[in-house]
Amino acid sequence: MKLTIAALLALCAPSVSFALVGSNWKFSKVPADGLNDVTFPFNMAKAPHKSGFYFAQQFNFHNVAEVGYTGLQPREDSSGKSFVHAVFSSFQGGTTTTHSNCHQGADGGSGVSCAVDINGNYNHTYNLVVENISGTTWRGTVVDTVTRKSTVVGEWTLPAGAGKLVNGQMGFVEYYIWNGQPSHTCNSLPFTEATFYNPTSKTRGASGGSNTGVYEYGDCVGKAGFSVAKVARGGSDIKVGF
C-alpha cells in the first residue's frame, strides 16, 4: 500500500488498504535542495516469523508527484533458517528499471517494485538505505547492522527532472492480509511488534532525524491492541494485535 501526502495532511484518513499505524519522520536541518540519501533502521526481534505485516517508511522526491517506500516484512522460517523480505518501490509513472529484483508496476498501479528475501536474524537491526547513485537513479539496500552484510533490494530511475529526497514523510504498519478479504474483525488481528528507529542521512548539512509522532488510524482505532513506547536510542517501539 501507499499513503499520500494528502492523507498525511488529513491526519492520515483511512485508505483502501489496511494500514493500522502511522509514524511521521523528518530532519531538523536539511539542504534546500533536499537529501541525497536516507537510512531507515528497523528491528523486528519480537515480530512473529509469519507473513502478513509490513513495516515501512515512505519518502517523496522534489518535482515528483508520487511517493516511494521501503521496508521489511516477516516471513516463515524454512529449513531451520529465518528469512526477512525487504521492499523498495516507486509509485511514480515513468519510473523505469533494469534490475533483476525489480519489475514494472507497484500495488497494481504505475511505478516499479523491487524486493529480495534474505536469510536474516530477527534480533538484528536492519538499515533500509535509499540513496542516489547517478542522475535520477536511486538504489535501495538492506544492511544487517550486526554482520554488516549489505544486500541490494533494487534500483530504479525516476523521470527526467526528478530532484532529491524531500525532508519528511510518514511510515506505517500494515496488515496486508486484510486487503484481500471482504471483511475483518479488529480483535482477530494477530500480534506483532517492531521498532522504527530515527532516520539518518550522510547528506552534508542534514541532521536531527526523528520520528515525530506515532498514531493509530483506519477502522480499528482503539480496537487493535495498539501501544507505542519511545526507545533510548531514538525512535518508537510499536505493538499491535492480540
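In this predicted model, the structure holds two disulfides. When the bonded cysteines of the protein are numbered in sequence order, the pairing reads 1-2, 3-4.

**The link of cysteine 102 and cysteine 114**

- Cysteine 102 and cysteine 114 form a disulfide, and their sulfur atoms lie 2.1 Å apart.
- This pair links distant parts of the chain, since cysteine 102 belongs to strand S6 (residues 102-106) and cysteine 114 to strand S7 (residues 109-119), with the two cysteines twelve residues apart.
- The torsion about the S-S bond of cysteine 102 and cysteine 114 is about 105°, and the disulfide is therefore right-handed.
- Cysteine 102 and cysteine 114 are both buried.

**The link of cysteine 186 and cysteine 220**

- A disulfide is also formed by cysteine 186 and cysteine 220, whose sulfur atoms are 2.1 Å apart.
- Here too distant parts of the chain are linked: cysteine 186 sits in the loop between strand S11 (169-175) and strand S12 (192-197), while cysteine 220 sits in the loop between strand S13 (210-216) and strand S14 (227-230), 34 residues apart.
- The link of cysteine 186 and cysteine 220 is left-handed, with -85° about the S-S bond.
- Buried means under 20% relative accessible area, so cysteine 186, with a relative accessible area of 14%, counts as buried, and cysteine 220, with 1%, is buried as well.

Note on methods: Residues are numbered from 1 along each chain as its sequence is written. This is a predicted model: local features need pLDDT of at least 70, side-chain atom pairs count only at pLDDT 80 or more; totals for chains, interfaces and linings use all residues. Side-chain values use heavy atoms; hydrogens and water are left out. A disulfide is a pair of cysteine sulfur atoms within 2.5 Å. Helices (H or I, at least four residues) and strands (E, at least two) are DSSP runs, numbered from the N terminus. Buried means under 20% relative accessible area, exposed over 50%, partly exposed in between (1.4 Å probe, protein chains only).
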